[in-house]
Amino acid sequence: MINNIKSILKNLSGLIIGAVFLFLTLHEKPLGPVWESLAGADYFFIFLSFLCLFLVFYLRALRWKLLIEEAGETPKSDKVLTSLLLGYFVNSFTPKLGEIIRCTSLQKNSKVPVAVSMGSVMAERAYDLLILGLGIVAIFFIEVDRLQGIIDSTIGGISHIYGYRYIYVLPILLILFVVLFVLSLKRLKKSEKPIVKKVIGFLQSMFESLKHGLLLKKRFKFILLTLLIWMALVILNYIYLLCLPETSEYSIFFAVVILFIGGLGWALPSPGGIGTTHFFLLQLFLAYQLDANAGISFGILSNGLTFIGTLVLGGYGYFRYWVEMKRA
């Protein structure tokens, strides 16, 4: 009961965050030119974006499979892809719940323990966050004069939700939580209760899988797949730029900037990045002194196509998973 309430509150908070940032993006903005721009989108590049999005998911599945293999498991590539698509499908509606879904579905279709797959997901996220962080730092270092305003706008957006005091309190609370978690774990290890031993065993398996994922044996293959994933994401954002007449002349470097600055919106706990990505992309266009309507149009188009593509591919993943379970 308590877990259900926590899940509902978490999902509700994600929706609220997305709604607030969407309101800040569209508030007092004329939407007529935005719809006209979207109506003139190039359908060829829209179709091409779906193919590129599938390539991103396929590369992510290969990398996830590699991390799972580091922990000693050998699932088939098609089953890993099915579970990954299913997880991203769920993530479109509930923030981060899809990570649990893809791990539990992989246990059912490939007998990979949830603790092992969860540890590999944590390792995967750690590497992606590292690249995202390095990319953001690099972009801000190169474009510091233009992008300073985004920091101020972001703090202002967060303050509308939580108030300014939480900007300073949240990091402190996070550190305290980590410290208390470590101390509690050491104490629980001494417990003789079966349920506590089961939980401790699960956590130990998960962290063992995370350790294998961080101490890679097949480093070259992992690095290659990671570079291909981020290159495909750059190309995907460049294709989104080519979809609209107003943004089709922008450079591929701008697509790189969009990837990392827009990634801030995806990092926040909003379902499908709705609202948060629109906000950051609008601030980015304003920072580059580009048309605000073009920024809103691009945000709606890129987020919308990603959302629709994820639903379609995730629906395909769900169908495959359903067929596999029926056969089993």
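Colleague: How much accessible surface does the chain have, and what share belongs to carbon and sulfur atoms?
Modeller: In this predicted model the accessible surface of the chain comes to about 17700 Å² (Shrake-Rupley method, 1.4 Å probe), and carbon and sulfur atoms hold 71% of that. Local features need pLDDT of at least 70 and side-chain atom pairs count only at pLDDT 80 or more, while totals for chains, interfaces and linings use all residues. Residues are numbered from 1 along each chain as its sequence is written, and side-chain values use heavy atoms, leaving out hydrogens and water.

Colleague: OK, and how many helices and strands are there?
Modeller: The chain has 13 helices and zero strands, taken as DSSP runs of H or I with at least four residues for helices, and E with at least two for strands.

Colleague: What percentage of the residues is buried?
Modeller: Of the 328 residues, 46% are buried, meaning under 20% relative accessible area.

Colleague: Which residues touch the most other members of the largest nonpolar core?
Modeller: Trp 64, Phe 254 and Phe 298 do, in a core of 66 residues, where buried Ala, Val, Leu, Ile, Met, Phe, Trp, Tyr and Cys are joined through side-chain atoms within 4.5 Å. H10 gives the most to this core, with 13 residues.

Colleague: And what does Phe 254 touch?
Modeller: Leaving aside residues up to four places away in sequence, Phe 254 touches Leu 241, Leu 284, Phe 285, Tyr 288 and Leu 290, with contact meaning heavy atoms within 4.5 Å.

Colleague: Back to H10, where does that helix run?
Modeller: H10 spans residues 219–243 and includes Leu 228, which is partly exposed at a relative accessible area of 35%, that class lying between under 20% for buried and over 50% for exposed.

Conventions:
Buried < 20%, exposed > 50% of the residue type's maximum accessible area, 1.4 Å probe, protein only.
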